[in-house]
Structure formats: C-alpha cells, structure tokens
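Welcome! Please take a moment to turn the model around on your screen, and then we will walk through it together.

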Amino acid sequence: MPFMWGPGAADVPDMLGDVPLWTTVLQFLAAGLIVGFCVLQWVWWRGALRSDGSSWALALSVAMAGMVLVAGLHGIAVGAELREALSFLHGQLVGVVALLCLPATRAFGRTGPRLRPWVVTAAVLLAVRTVLWFLTFGPVDAPGVPTGRPVAVALLFLVLALVVGYVVMALGAVRLNALGVLLVVAAAGSLTMLTAGILLGGQPLGALLAGLWPLPLAVGLESLASVRLRRSQQTARRRELMRDALAQVTNNAWFHRDPDALLVQARDAAREVLEDPTIEGSLRPLQRDRFVVDLFPEAPDRLAPHERTFLIDLGLVVSSAAERYTLTERLSRAAVTDTLTGLPNRRAVDTHLLEVLERAAVERTRVTVVYCDIDGFKDVNDREGHAAGDELLRRTADYLRTWVDDDTYVARLAGDEFAVIVARAPGDEELADLARRVRSGFGARVGTVVGPRLTCGVATWNPSDVVDADTLLRHADAAMLEAKRTASGHRVFDPALRARAEDARRLRSALERAVEEDRITAYFQPIVDTRTLEVVGLEALARWQEDGHLVLPEHWLALAEQTGLIVPIGRSMIRQARRALDRHHMPVAVNLSARELHEQDVLERIDTAWSGGPWEHLTIEITESTMLRTSSAVPVLSELRARGARIALDDFGTGFSSLARLARLPVDVLKIDRSFVREVRTPRGAGPVRAIVALAEHHGLDVVAEGVESAGDLQALVELGVPQAQGNFVGRPAPGLPVRGARPLPRPAADELVRRVEPHLPGRRVRTVPRPLRMMQGALGDATPEHL
C-alpha cells in the first residue's frame, strides 16, 4: 500500500521527483566524485594534524556524498514507501549539511557570533522535522492524517535561512582572500541550486538541481583542501628546513668565538628558510654578562606562529652562545690572572716565559728574570692585618706596572713574590742597575723609611743554554734568597750560585734515590739514667749512607723537609724503631717533623709503621716551635697520647712556650736543648736548666738533657737534678745497640774506665765495674771517654 505524508501531500512540490535515467547516472557520478574529494579531505585532515578546518571540511564532504548518493538511489527506487523514505532522508541530509556549515564557517573564518545557540536551534528544527515525519507517516487514504509536507519544507528552509544568516554575520567582518571568495561563491551557487530544486519540485530540472546542488560547494571545499594541503606540505617542508637551520646554527655556535659572526649566520639562515630578505638581527648586552638577540622582518605581523618561534629559537641560540663566549673568556682570563692585583699569575708566567725563550733562541738574544720578594710583608700582615697586606700587594703591582714596555712582562708568582721578565735583555751591569733601580724605586713609592723593602734576584738565559723556563725561574729565586740571606738587597745569579744550585740539585737527586732504595738508616742513641748510667731508652736518629760514607742530617734534613721527602723518611724511622723495640726490648723515641703533621692521614701512617705495637714504649719527639705553630699538632699528639704513646718536647727552652700554656699541651717529657747543657757548668747556663727542672717537677714531667759531651757536663746535670741524659759522652748513635747483656771487658781496661769515670760520680765509690756502666761499656765497645 503506498504511503505518503498525508492527504493532499501530492499538491506540494517534491525535491526528488521522477527524473530521467541520465540524471540518476549523473547523480551517482557526482556521488563518486565527492567521495574522491573525501579522500583528499582525509589526506588534508591527516596532514594538518586534525585541525578544526580540515575536520569540518571532511565531515561536510561525507555528508554531501551521502546526500547525492541518496538522490541517485531515489531515482532508481521502486515503491512509494521507499521513495518517500529516501526523499525524507535526502531532506534531512540537506539539513545536516546546513548544520555542519555552522562550525565549518567558524573554523574557516576564525570569527563570528557565539556558535552554540545557532547550532542548537538548527538541530532542534531538524529534530522537529523528524518528529513530524514519523507522526504524519501513514497510508495515503488514511483519514485524519494532517498535511505535513509544507511544514517539513518550511522547517528545512528555516534551517537554511539560519545557516545563511550566521554565515553572513560571521564573514561580514572578515577580509576574504581569493580562496575565501571562491568558497563563498561556491556555497552561494549550491544554495541557489538547492532553492531552485525545492521550488521546481516534481520537475526533471528541479530534481536534477536538487540532486546535484552540493557539487559547487564540494568543488569549493576541494579547492580549499588542495590549497590547504599544499600549504601544509610547504609548512612541513619549511619546518624541516627550520630544524636543519637551527641545528646547523647550534652546531656552529660551539666552533665560533665571535657572537656577531654567529648572529650574521643566524640572520642569513632565517632569510633563506623564510624567503624574506628583509629579516635583520640585533645583539644587545644586558647586565651581568647577559645578552638578548632579536631577529625580525619588516612585516612581523605576516609571520605564522611557528615562524615566529623559529626566529625566537635562533635568537636564543645566539644569545646563549654569546653568554658562553663571554663566560669562557672571563674564566680564561681568571685562569691566568691574579684576582687581587690584576697581574698575570704563575700559570701565565710559565706560558709567556716559554714563548719568550723560544723566540730568543731563534733571535739569539738573552732573556732575564728579576725575581722580587717583599721584605717585611709578614710583619705588615701580623701588625696591621690582612687588608693592609692586600693593599701593599696592590701598590706593589701598580709600581711594577710602571716598568712594563714592549720587552718587559710583570706578573705575581705567589704570595709576596713578583717577577719581571725582560726579553732582549741588556748586559749584566745594566741588569744589576735595573735591580737596584727597582728596589730603590719601591722604597721611595711604596715602602717607608722603616720598610717594607724589595729584594731582587736576577737570572739570565743565554742562547747557548737549554730552553728551560722552570730552571730560569729557580735560578732567579735562588739569587733572591741569597740576596735576602746576605741582606744585600739584590743579587745576580753568577757561577758561584750556579755551582751551589747544581750541588743542591745533585743532593736532592741523590736523596730521592736513597729514599727510594731505603738507604736512610736508623741509628740509635742511648738515653741513660744520670746517676746509675743505666740505659733506659733509645732515640732513633736518621742517617744517610751514600757510597760507604755517612752524610750527616744537617746537610740534607732541611732539604728533605722542603721537598716532602721527610714524610717517607719518618715512616721508615718508625718502622725501624719498631724492629729495634723487638730486638732490644727498650723504649724508643722517634722525631716527628712539622711536614709530617700536615699530612691528612698522619695517624694512619704512624699506626701502620708502628704495626699497632705497644704504644707505651713509643715516644714521639716534636720541637717546641712545631708544637706551637702547627695547628694540627695538638690534636694529632693528643690522639697518640690517648693510645699510650709518650710525647717529648724537643729543644725545650729555645721556643716561645709560656708557662701557662705548657700545662695545656699534651707533653710528657721536656728535653733540655744542648745549648743550655753546653754552658751548664756556668751560672748563666745552670739557671735555665734549674728552672726547667723545677717546671717539669711542677707539671709532673720527665726531663732529658741533650748533648752531654763530657763528664763535667754529666756531673753538673746530676747536681741540678736532671734524671736522664743523652749525648756522645754516654753513648754515640750506632746502627745497633746491644743493651741486653754487656760484652766482658779485660780487667785492666775495666778498672781503668772505672778509675776515670768514678771521680765524676759523687757519692759513689766503685771498685768494680757496676752493671749500668758495664751496659754502657758494652754499648760503646772499647772506646774510652776521650773517644766518645
């Protein structure tokens, strides 16, 4: 049974009436064409990263393709019910296309009224049209069914009018380009064809227009998609070029050292990528070594967002590189510049002096170093403070700068030491006069009548010498030290000083070999009880065996302390003392130097060398000056004392100890310096010894007198109450000391030894050799007091 919209519905025009077959074929072809357009729209949608414009264009194309396909199916449909349903579906798709035009217009125009009310109104009208269709759908001859087609057509026209009104309002204030005008014309053509198709409903021409009306709009969207797709591809290609250009400028930033040259490269890269020769750049410094870079064209408003970002990124690369160059240059200057005086430092001197020497070797000219040291600088620091010392250094630097010319280079080496390097140096007499003038000028401009003064040492390199910058500095330093020692004010490094320096170099090399080969041997000197002459302990003394000869410590001990060789020597002495303890079963004393106390792991080194042995049999000897001037001495010695070791203050009386401070020091033994023992038989010498003994008794300390060289010294010490002594008279140092059991002496020799020693032992009448004396005699062998 045929169905229609109701009685009288046939009197209302139908958009899709009976059409010729060619029209239907044309509609199917149009549907296929629009489907092809959909593929292009989908490619645009994918390439545009699913932007709003591409999404709505794809939705419109799909809806129009479905609408034209429904129109074609209506032409070949059989049966009134199916044709009526397809006709209704076609009308609804027309409304859907119109509805999609609202957000598409907003996406393309990027402006317009608020979108939601318009979309809701259009959607409600389409929903009402759908409801009316279901309410009025029934048999053609059914009584009471209202006429619905005029209302449906009116609702469709309302939707179209709503859309047209929104489009006019949205695009009215927009300046359209050629592509926008084309799209508007295509939409107007489609709207005209749709209106004509509705008005000419039931006629073949009207059906044709109603079925093909989306073609102009589809062609317009296709043109838009093509242009946008091409632009998207161009944008993608330009983004790649931007990334490549940014990477190239970033890489070059690590090799350039000129920010202006890097800015020119960044500007040229931006011009090439953006195809805009008007782009310029500027580099402006800010505070604290910061920079800002601007890259801008004549018309910045025409730039796309990603193009502006590209220019900003290029500017950041250039500004960061400029800041890095500035920081690198500042750090490089700081690495070779003294921060206090602004003069070149020791590192710069080494580099400059080597360059000057190499150039002089080619030019066959001489190079001179004037090594300057400020006499009394420490007194200025101690008396006036470090700020005054710093000011003195700055004034010295300003004074020495007055001597700078093309052939002169002034630098601060370290502390209060400066160097003046003279390239193409004149003769020796002129150099000596230069040192005198530098010294006298310093006294007139920087120092005062009472000081400080400048001591200068002059050393010259000749073309026949080996190119060695370090040796030349050492020679100048040696000349300065000699001038300071002799108080002459200046000294030229002459052959005598050269021979002395060469001797010192050979001595150091030999000492280094001796330490490496463990040829520093411990000699042990006995410490005896002054009344019984019984050996109560040993002191380990370092001795250097070289080519079968004994090198005394006074020839190399200062050098070992200066070079740090005293540290391994001290460890060796402790190890040998530990072996002597096992061999002789006697307490052992070992000297500890100030250089050893400065080592971070001094306690671990001592513990390893002593092998964790009985600490109560170890005495650590340290000089009074080292105890007071080395900040790490008291904690280290306190820890050793806590372990059980005894601490002896060596050379006591020659330092600066106060009586109040002595009670707070970790000390167990006071060793009277040999300078007092040497004069102990005089009132001037006996007084200090008596005071030291009283001081030791007051603080509960033991006393040992050093340097006992005669029986008279020993007798005087006994009378003053000194309990223990050591010296050549009571026992010379020896590599081995058989204190455990004396070798028997021939009776006449023993009696003679007793006869000669007995008068010096008050209150004792000995007819035979006592045990303590026998032990001493065993230690000394067959030596007599005259040979001790």
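**A walk through the model**

At 2% relative accessibility, Gln726 counts as buried, because anything under 20% falls in that class. Keep in mind as you look that this is a predicted model. You can find Gln726 in the loop between strand E18 (724-725) and helix H27 (747-757). What does the side chain of Gln726 make a polar contact with? The partner is the side chain of Lys671, at 2.7 Å. Setting aside neighbours within four places in sequence, Gln726 is in contact with Gln525, Pro526, Ile527, Glu539, Lys671, Val704, Ala705, Glu706, Gly707 and Val708.

Now let us step back to the whole protein. It has 28 helices and 18 strands, and buried residues make up 46% of its 788 residues. Consider the contacts between residues at least 6 apart in sequence: 69% of them join residues at least 24 apart. The accessible surface comes to about 39,200 Å², and 57% of this belongs to carbon and sulfur atoms.

Next, look for some paired strands. Strand E15 (residues 646-652) is mostly covered, with 5 of its 7 residues buried. Strand E14 (residues 618-623) runs parallel to E15, and 5 bridges join the two. To see one of these pairings, find Ile620, whose bridge partner in E15 is Ile647. E15 is also joined to strand E16 (residues 669-672) by 3 bridges, and these strands run parallel too. Here Ala648 stands opposite Val669 in E16.

Another stop is Tyr523, which lies in strand E10 (residues 520-529). Is Tyr523 buried or exposed? Tyr523 is buried, because its relative accessible area is 12% and the cut-off is 20%. A polar contact of 2.8 Å joins the side chain of Tyr523 to that of Gln545. Tyr523 and Arg543 are 20 residues apart in sequence, yet their C-alpha atoms are 6.5 Å apart in space. Arg543 is also one of the residues that Tyr523 touches, if we leave out those up to four places away in sequence.

Leu26 counts as partly exposed because its relative accessible area, 34%, falls between the limits of 20% and 50%.

We finish with a point about backbone angles. Most residues other than glycine have a negative phi. With that in mind, visit the loop between strand E3 (280-285) and strand E4 (291-296), where Arg288 has its place. Phi of Arg288 is near 60°, a positive value in a residue other than glycine. Asp289 sits in the loop between E3 and E4 as well, and Asp289 has a positive phi of about 60° although it is not a glycine. Asp289, at 32% relative accessibility, counts as partly exposed.

Notes: Residues are numbered from 1 along each chain as its sequence is written. This is a predicted model: local features need pLDDT of at least 70, side-chain atom pairs count only at pLDDT 80 or more; totals for chains, interfaces and linings use all residues. Side-chain values use heavy atoms; hydrogens and water are left out. Buried means under 20% relative accessible area, exposed over 50%, partly exposed in between (1.4 Å probe, protein chains only). Helices (H or I, at least four residues) and strands (E, at least two) are DSSP runs, numbered from the N terminus. Two strands pair if DSSP finds at least two bridges between them. A polar contact is a pair of N or O atoms within 3.5 Å; within protein, one must be able to donate a hydrogen and the other to accept it, and residues adjacent in sequence count only if both atoms are side-chain atoms. Contact means heavy atoms within 4.5 Å. Accessible areas come from the Shrake-Rupley method with a 1.4 Å probe; for residues, only the protein chains shown count as cover.
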